[in-house]
Amino acid sequence: MRLLILGTGGMANQHARNFSAIEGVSVVGGVDVVPDRLAAFCAEHGIERSFATLEEALAWGEFDAVANVTPDRIHHPTTLQAIAAGKHVFCEKPLATDAAKAMEMTEAIEASGKVGMVNLTYRNSPALQKGRALVLSGELGPVRHVEASYLQSWLVAKAWGDWQTESKWLWRLSKKHGSNGTLGDIGIHIVDFTAYGAGLDIARVSGRLKTFDKAPGNRIGEYDLDANDSFTMNVAFETGAVGVIHATRMAAGHLDELLLRIFCQKGALEINYNTGVSTLRVCRGDDLDTATWREVPLDPVETNYQRFVAAVRAGKAQEPTFRRAATIQKVLDLAQESDRSGRDEAVG
């Protein structure tokens, strides 16, 4: 399988390393509008061909699939171009900046017969996969209540760099640069983490978004700092279960942590992903009376990169698909609408 990487910023390095490590996969080209960044990326990963535009790469055409690692607002037009050229697409999240665009991309890839998948990276968590299997087994009984959070601290600490001086962070705070803020950037992760882990679909949502003052005039250079920094979301699932989901970039002391608690009729589980480390704890059976939690051993799972390659070889998409990402995007869009209207919004 010959792969083109479109966009060579920070996350593209993960794509290059993970795909190159899979037997039979070759990263044959890179595309970026910033020449120095493109040259450095291709040199680091031993990529022979480089292109200033996707059009140039498609004119060459000697590749089977595209890993789309461009900024959020660029996913839609570039993915449609790749699909029209007959390429499989592995797209970074979010699939698009709104559900309408995401569904257009979904319908295009499904009509093409090519494989389209989205890199919802926390699907790679062994704790999430095993926890979901336990819920779906029915051993814990029906889900009643769900609690989930995604906590980052890069707006109050410099563990990942200085957001006030680095454009790779500043664009994530600016609507005109294509960002939907915390809701759009990591909201898609925690909503998918929650619904997938619980094995449930969200039926209704009530959202609240907040943008905090972070600089004089809430502006740094060309960047208006107007995208949301925190959100909270009350949800109702189709089964009647309820839940609370929230995320922020101002969680001091938390670098990159997703926490999901699922409370069922006959027990409960807690899935934690903290800066690359997964754990799963369960309370069930006789332990319910003493509120004793026990850690569950985990097994390795395939990554999204491996699943995408297997899907291309089989000619059939695996989860997470474009349609899944479009469904989650609809929940995020309705959370924004709820924040504006002050009403609950139905997802159906």
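**Notes on the pockets**

1. A pocket means an open set of points on a 1 Å grid over the protein atoms alone, where a 1.4 Å probe fits, with protein on both sides within 12 Å along at least five of seven lines. Volume is the space filled by probe spheres set on the points, which are joined across faces, edges and corners.

2. This is a predicted model: local features need pLDDT of at least 70 and side-chain atom pairs count only at pLDDT 80 or more, while totals for chains, interfaces and linings use all residues. Numbering runs from 1 along each chain as its sequence is written, and side-chain values use heavy atoms, leaving out hydrogens and water.

3. Back to the second largest pocket: 13 residues line it, with T327, I328, K330, V331 and V347 nearest its centre (lining residues have an atom within 4 Å of a point). Two or more lining residues come from each of α5 (99–112) and α11 (322–341); helices are DSSP runs of H or I, at least four residues, and strands are runs of E, at least two, numbered from the N terminus. α11 is the top contributor, with six.

4. That lining splits into eight nonpolar, one polar and four charged residues. Asp, Glu, Lys and Arg count as charged; Ala, Val, Leu, Ile, Met, Phe, Trp, Tyr, Cys and Pro as nonpolar; the others, Gly among them, as polar.

5. Now the largest pocket, at about 1,600 Å³. It has 50 lining residues, and G9, G10, M11, V69 and R172 sit closest to its centre. α1 gives the largest share, four residues. By class, the lining holds 19 nonpolar, 20 polar and eleven charged residues.
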